[in-house]
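Thanks for making the time this morning. I would like to walk you through one structure, slowly, starting from a single residue and then widening the view.

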Amino acid sequence: MKFSIRPWLALIAASVLLAPTPSMAAGNVPARSQSRQSVNRNTNAGGNTNVNRNANVNRNTNVNTNTNVNRNTNVNVDRNVNVHGGYYGGSYGGGCCYHPVATAAAVTATAVATAAVVGSRVQTLPPSCTVVVAGGVSYQQCGSTWYQPQIASGSTTYVVVNPPQ
Amino acid sequence: MKHMLRFTGALLLITAGLSTQLPAQEDSVPGAAKVEPGATQALDRMGAYLRTLKAFQVQTRGTSEIVMPDGQKVQLSQTTNLLARMPDKLMADINGDRGSKLYLFDGQTFTLFARDAGYYATAAVPGTLRQLVDILADKYDIEIPLVDLFLWGAPNNTPPKLTSAIDIGPTEVDGVSCEHYAFRQEGLDWQVWIQQGDYPLPRKLVLTTLTDDARPQHTSILTWNLAPSYNEAAFTFTPPPDTHKIDFAPNAQSGKH
């Protein structure tokens, strides 16, 4: 298992809370396996893979098996703001109606947002990141979260790190 | 087959004790699994021939399958252009649905360049290609493309034990006359199409993974060039502009296998 437990907990929470939209919940789970590519070796046969090639996670949620909890945070936050921003943000006004999906999404956003645990590893970055080189090390700054790219099991991955000093 | 023996043993006990007849099981079909000497010899011959090659270029087109949590399968495609010079030079260029990657080894340094992301990582691995295969797998959980081509027939490789080996018969792959073989081993059914004649090269491979009920499959068609032209620079990495050097993550499973 290559993933730390904290994002998984958030993932489970997201799955439960997003029950009204099961395709989305399913899309956030990594692939369970893949075909072996070697007769003589049986390494790297696990689900450490990212099927989704779309920039926008919403376009193709059924095939998306990316393990990036944080990227979906942004999706959920957007939904929250659009659908129900006034209810939680307090600054939009006009929030009127209880909506179970929107509420679930809002709660999930909170749960997932805390999942950017230092040391956790994702396969795709959230949108709008900036490359920052500090102390000879290349980082990706995505809002307040900093990632250090690493090649893990042959694939580019991003580890959440503390901001460089 | 160990499994079959255990099953048969259990069947006998139950039959003796209860005098009841159990329905026939797929595993108990007589003669279902057999190891034909001709099929294993063809494999040995292919491996021995591969080990005589001093330099080769292989281009492949292939597909792999990913299994979703609910069992749905998704097929991904890729092409590989691999150039190897024994004992210690490698260039492998992968392009496809999983992105674009370049593997380079010049006998001293291994580089993996993730083109899409603009990142590359390097590791000092002085030695042969055969050593590189083991070191990369152990330290970084990385398998070089078409790794079987470097392991078949290698004196220090123990091939998985075959539980079934069948010669399916003659056919063609891309117009080349081949003999088609099917094998079974623990967790894997696989087939190879070996070129007939004096150059017994693998021309096609199909691997069916058995450890998942969905049985994801990998296929690969190989086109060979046994007299490739290249220069030394082909094996050494020169970072393009706007690329960044990053690290390899250490293999979390290191030492467990």
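This is a predicted model: local features need pLDDT of at least 70, side-chain atom pairs count only at pLDDT 80 or more; totals for chains, interfaces and linings use all residues.

In which strand of chain B is Lys89(B) found? Lys89(B) is in strand β3, residues 89-96 of chain B, where strands are DSSP runs of E of at least two residues and helices are runs of H or I of at least four, both numbered from the N terminus. Residues are numbered from 1 along each chain as its sequence is written, and chains are lettered from A and ligands numbered from 1 in the order in which they are written.

Is Lys89(B) buried or exposed? Lys89(B) counts as buried because it has 20 C-beta neighbours inside 10 Å, and the cut-off for buried is 20 or more other C-beta atoms within 10 Å of the residue's own, with C-beta atoms placed from the backbone. Leaving aside neighbours within four places in sequence, Lys89(B) is in contact with residues including Phe105(B), Asp106(B) and Phe235(B), contact being C-beta atoms, placed from the backbone, within 7 Å.

Turning to the chain as a whole, chain B has four helices and 13 strands, and buried residues make up 30% of its 257 residues.

Let me now take β9(B), residues 188-195. Six of the eight residues of β9(B) are buried, so this strand is largely enclosed by the rest of the structure. On one side, β9(B) pairs with β8(B), residues 176-185, in the antiparallel sense over eight bridges, pairing requiring at least two DSSP bridges between two strands. Within that pair, Glu179(B) has Ile194(B) as its bridge partner, and the hairpin has two residues between its strands, with Gly187(B) in the turn at a positive phi of about 80 degrees. β9(B) is also joined to β10(B), antiparallel, by seven bridges, with Trp193(B) opposite Lys204(B); six residues lie between the strands of this hairpin, and Gly197(B) in the turn has a positive phi of about 100 degrees.

Finally, the other chain: 41 residues of chain B are in contact with 32 residues of chain A. The largest share of that side of chain B, four residues, comes from β1(B).

Methods. A residue is buried if 20 or more other C-beta atoms lie within 10 Å of its own, exposed if 12 or fewer, and partly exposed in between; C-beta atoms are placed from the backbone. Two residues are in contact if their C-beta atoms, placed from the backbone, lie within 7 Å.
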